[in-house]
Amino acid sequence: MNKIEIEQLLEEIKAGALEQYEVIIDHYQQPIFTYCYHMLGHRQDAEDAVQEVLFRAYECLDQYSYSLSFSAWIYRIAFNHCANVLKRRKLSRFLPFLFNRDEDGRNYVEEQIDRNYLGEPFDRIWKRLTAEERTLMILRVLEEKEYDEIAALLDKKPAALRKQFERALKKCKRYMPAMGGMADDGPKSV
Amino acid sequence: MMDPNPFKPIQEMLIAKPVPKVDVKEKVMAAIMAKKMEEKKIMKKKIGLLLIASMLVGASSVWAGMKMIELKNEKGEVVLTMSQYTDEEQQKVVQELPQEEQVKLAAEEKELERKSEIMTNIMNSLKPGTTAAVYWVPKNEEENKNIVWAKHAPNITVVSNPVTYTSWKDMQPVVGKMFTLPTELGGTFKFHEGDVYYEDSDKYDAEAMKEEAKRDKKEYVVKEIPSSDKFDYATVSYRSEKGSIRAEVRMAEEGNALTGTNAQVMEKVMVGSNEAVLTTHKSGNDDAFNWVIWIKNGTKLEYSLRASEKVASKEELLKLAKQLNETK
């Protein structure tokens, strides 16, 4: 679906054609799920997230102003949602008494998540990336999106993102021998 | 040599992890439909409570989200917002509800009318200038918990029988420090009679009334209570051979006064240098009547004037409103 077709659909939905939103769901659910799955590293959390994102997008449709592509707008909702989930998880590490844990105080759910998702050694790297850095990695590395597009959804300048990406790669290098020296060389082709 | 793909290890690892297929369409659509139904239920609740709301809180928040007109004062500050929600629109919402909800709603409205009649009788039985608090035993304790009682303790309604004055000369000592009303409007409409209402008194013992209702197994309990001395509003009818018109002056809400109308037509007009809203009401075979409302510049008083179109046309009403506004 191209931009014009999506905008046409959105106009119809705003005018009351709710059934057309099913077309939007069909188009976006898998890419958004993929993004959430990599962000959160947990299938059920990612499924909950994609439902929440698509539901919230419909609810806030009147606020969508076309100044941003719909794709960037919906990814931004997904990013905010995942960032909040990650923040809550991080908080659960530092404030264990606020969250459900086993009798010995260990949060097994949190420990399981990343290990089952990618396994060592990626687990070590992924846990250390911020929500924004994970987004950069997923969108740039996996989905091969351009910096301009990622910049629109993260509301940042492309040049700043390029720098941030370089820093994230350096961070990865520290925890992953297979990437030794790469970031220090200055990944100009990135 | 520069690495052609410096992030390859990460890319490989991300690709290596297969992403499951997902289909959440049904769940998302179900959630959207459920939300829409919930909104309809809230709307139903609002309509169901409309009579009570207008009786208790002057119909304000129940009108949120409808067509609106904002009135500004001479400083450009918004002083009144009028929202429109016509009877037809309300009816349309009701018709979209499931049949059993419509039946329930109709029963609630009938019940409200019955209670309203009882309240009118209580008010008429009071001596002029006296006040009573009425405690109604809630029929459904659970549903009752969801009602927000804006002005009074839960299930309490206060009614007063105002003092009626038959000339401005008699009424002036009571309200004259706040505003002045003309003895005639347009040369032909003469001051006929005026009532002064005060804010609802809160000198009641809700718990005692509740106890009494429980003990004596009453549907409602009425207690005469001391009246408040805080001015709320005055209403005056002016009469001519053609019929009567009614003027009202009330304390405006602080800041932006929110109010609602079920009029068919709502338009912004000028009363002298004051922005005003003119509404036209028509129901069944009755004659249409027009109602003009404004906040007088430099004051915290809300003025209004209304008349049947048979008695005064829109243009005539606006001329009379200008005279009312300029009376010093």
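These legends go with several close-up views of a predicted model. Local features are described where pLDDT is at least 70, side-chain atom pairs count only at pLDDT 80 or more, and totals for chains, interfaces and linings use all residues. Residues are numbered from 1 along each chain as its sequence is written, while chains are lettered from A and ligands numbered from 1 in the order in which they are written.

**View 1. Helices H2 and H7 of chain A pack against each other.** H2(A) covers residues 21–40 and H7(A) covers residues 131–142; helices here are DSSP runs (H or I, at least four residues) and strands are E runs of at least two, numbered from the N terminus. Their axes sit 9 Å apart, at an angle of about 130 degrees. That makes the pair oblique: under 35 degrees would count as roughly parallel, over 145 as roughly antiparallel and 65 to 115 as roughly perpendicular, with the rest oblique. Axes are lines fitted to C-alpha atoms, for helices over the stretch in contact, and angles run from 0 to 180 degrees between N-to-C directions.

On the H2(A) side, look for Tyr35(A), His38(A) and Met39(A); they meet Arg134(A), Thr135(A), Ile138(A) and Leu142(A) of H7(A). Contact means C-beta atoms, placed from the backbone, within 7 Å.

**View 2. Strands S1, S2 and S11 of chain B form an open sheet.** The order is S1-S2-S11, and the pairing is mixed. S1 (67–72) and S11 (257–261) stand at the edges with a single partner strand each, so one side of each has no neighbour in the sheet. From one strand to the next, the twist averages 20 degrees. S1(B) and S2(B) (residues 78–84) run antiparallel and are joined by six bridges; strands pair if DSSP finds at least two bridges between them. Leu71(B) stands opposite Leu80(B) in S2(B).

**View 3. Asn155 of chain B has a positive phi.** The value is near 70 degrees, in a residue other than glycine. Asn155(B) sits in the loop between helix H6 (141–144) and strand S4 (156–161). Asn155(B) is partly exposed, with 19 other C-beta atoms within 10 Å (20 or more would be buried, 12 or fewer exposed, and partly exposed is in between; C-beta atoms are placed from the backbone).

**View 4. Lys217 of chain B also shows a positive phi.** Here phi is near 50 degrees, again in a residue other than glycine. The loop holding Lys217(B) runs between helix H8 (206–215) and strand S8 (220–225). Lys217(B) is exposed, with 7 other C-beta atoms within 10 Å.

Notes:
Two residues are in contact if their C-beta atoms, placed from the backbone, lie within 7 Å.
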